[in-house]
Amino acid sequence: MAEGPGRACPVSYRYGAEALRAEPSLAADTLYVAGGLYGNPLALDALLDLVASEPGARLVFNGDFNWFDVNPEDFRRINETVLAHLATRGNVETELAQPGKDAGCGCGYPDWVGDAEVMRSNRIQERLRETAQQFPELTARLGALPMFIVARVAGVKVGIVHGDGGSLAGWAFSQEALATAEGLAAARAAFGSSGVSIMASSHTCLPVLQRIADVPREAVLINNGAAGMPNFRGALHGIATRISVHPPEGRALYGTTVQGVHVDAVSVVYDAEAWKPRFLEQWPAGSDAHMSYFNRITQGPTYTMGDAVRLGRQAEPELAL
Ligand SMILES: [Fe+2]
């Protein structure tokens, strides 16, 4: 297993899925969960418009709302806006507020992410920290955010996490891990320990909607991928998770129901043309973020919507045998 800054998942990031058995601190008929805004202020505007289109809807930012926002004005506005809502911290915010020794970006990158990308992420985090240091009060507030929030939508318990069921920067809810029998078994175990029926995660950068079979209730994991970056080939919009007693009425890219509650992925349609020059002002060609992300920002990843939606038993290789 690869080691070094950006690879480790610090011990302080671990809470364990049993922690999600806590009483819900939030009840809503409609809940939006948006992780991975990644410092895109245009996606923030689009997301706020989306949530405002449903009066009474609540919004939770589940971490990594910072990343590309080394511009001090973008950093200030993004964090002031996010902190006016409910939010959990991601590894990016945690490492801004309480830099762990040798944690790097705190991403906990698995072996399938190459060393060069991990090192670039560590340097992005260092550059972002220079901006954050200009805002000590905001940065301290980031460090005080919770690692997870337990919510209730029409009696159905929802665990809102950044990484996975047990850790702030865990990768167990990544599309890669969930494509394996071991990964599905681990996700089932997390649902079993947590007692929740829906988990909304982010962190791993690519979305997944995964039915969790063989727990004693209907259960679904929804990872929104990124609210502030493209998630599918050729589709230059972000994604947020919507969980509601009401059907999505044309808003959904894909979705399902859990115990009568609608669980959907919805587009965060930001002005991609306007975002490009703002990104380039902060991260010109040759910079670390440009090398890691510019292709994705302008073309999307190679991933497709068909890759993300895993609602049938055919998605569970050990059960198909
Ligand atoms: Fe993350």
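Biologist: What makes the six strands an open sheet, and in which order do they stand?

Modeller: In this predicted model, the order is 4-3-2-10-12-11, with mixed pairing. Strands (DSSP runs of E, at least two residues) and helices (runs of H or I, at least four residues) are numbered from the N terminus. Two strands pair if DSSP finds at least two bridges between them. Strand 4 (86–88) and strand 11 (252–258) each pair on one side only and are therefore the edge strands under that pairing rule. Neighbouring strands of the sheet are turned by 20° against each other on average, direction ignored.

Biologist: Which conventions apply to the numbering and to confidence?

Modeller: Residue numbers start from 1 along each chain as its sequence is written. Local features need pLDDT of at least 70 and side-chain atom pairs count only at pLDDT 80 or more, while totals for chains, interfaces and linings use all residues.

Biologist: How do you know that strand 11 and strand 12 pair?

Modeller: Six bridges join strand 11 to strand 12 (residues 261–268), and the two run antiparallel. The rule asks for at least two bridges, so strand 11 and strand 12 count as paired. Within this pair, Thr256 stands opposite Val263.

Biologist: Why is Gln259 called partly exposed?

Modeller: A residue is buried if 20 or more other C-beta atoms, placed from the backbone, lie within 10 Å of its own, exposed if 12 or fewer, and partly exposed in between. Gln259 has 15 such neighbours and therefore counts as partly exposed. Gln259 lies in the loop between strand 11 and strand 12, and its phi is positive, near 50°, although the residue is not glycine.

Biologist: Is Cys205 buried or exposed, and what makes it so?

Modeller: Cys205 has 22 other C-beta atoms within 10 Å, so it is buried. Cys205 is found in the loop between strand 7 (198–201) and strand 8 (208–211), with a positive phi of about 80° although it is not a glycine.

Biologist: Why is strand 5 described as largely enclosed?

Modeller: Five of the six residues of strand 5 (residues 148–153) are buried, so the rest of the structure largely encloses it. Strand 5 pairs with strand 6 (residues 156–161) in the antiparallel sense over six bridges, where Ile149 stands opposite Ile160. These two strands form a hairpin with two residues between them, and Ala154 in the turn has a positive phi of about 50°. Two bridges also join strand 5 to strand 1 (residues 26–27), in parallel; Ala27 has Arg152 as its bridge partner.

Biologist: What makes up the largest nonpolar core, and which residues have the most contacts inside it?

Modeller: A nonpolar core is a set of buried Ala, Val, Leu, Ile, Met, Phe, Trp, Tyr and Cys residues joined through C-beta atoms within 7 Å. The largest has 96 residues, and Leu47, Val158, Ile198 and Ala240 have the most contacts inside it. Helix 1 gives the most to this core, with seven residues. Not counting residues up to four places away in sequence, Ile198 touches Val156, Val158, Val220, Ile222, Ile243, Val258 and Val263, where contact requires backbone-placed C-beta atoms within 7 Å.

Biologist: How do you know that the protein agrees with a compact globule?

Modeller: The globule rule, 2.2 Å times the number of residues to the power 0.38, is compared with a radius of gyration taken over C-alpha atoms. For 321 residues a compact globule would have a radius near 20 Å; the protein has 18 Å, which agrees.

How values were computed. Axes fitted to C-alpha atoms, helices over the stretch in contact; angles between N-to-C directions. Contact = placed C-beta atoms within 7 Å.
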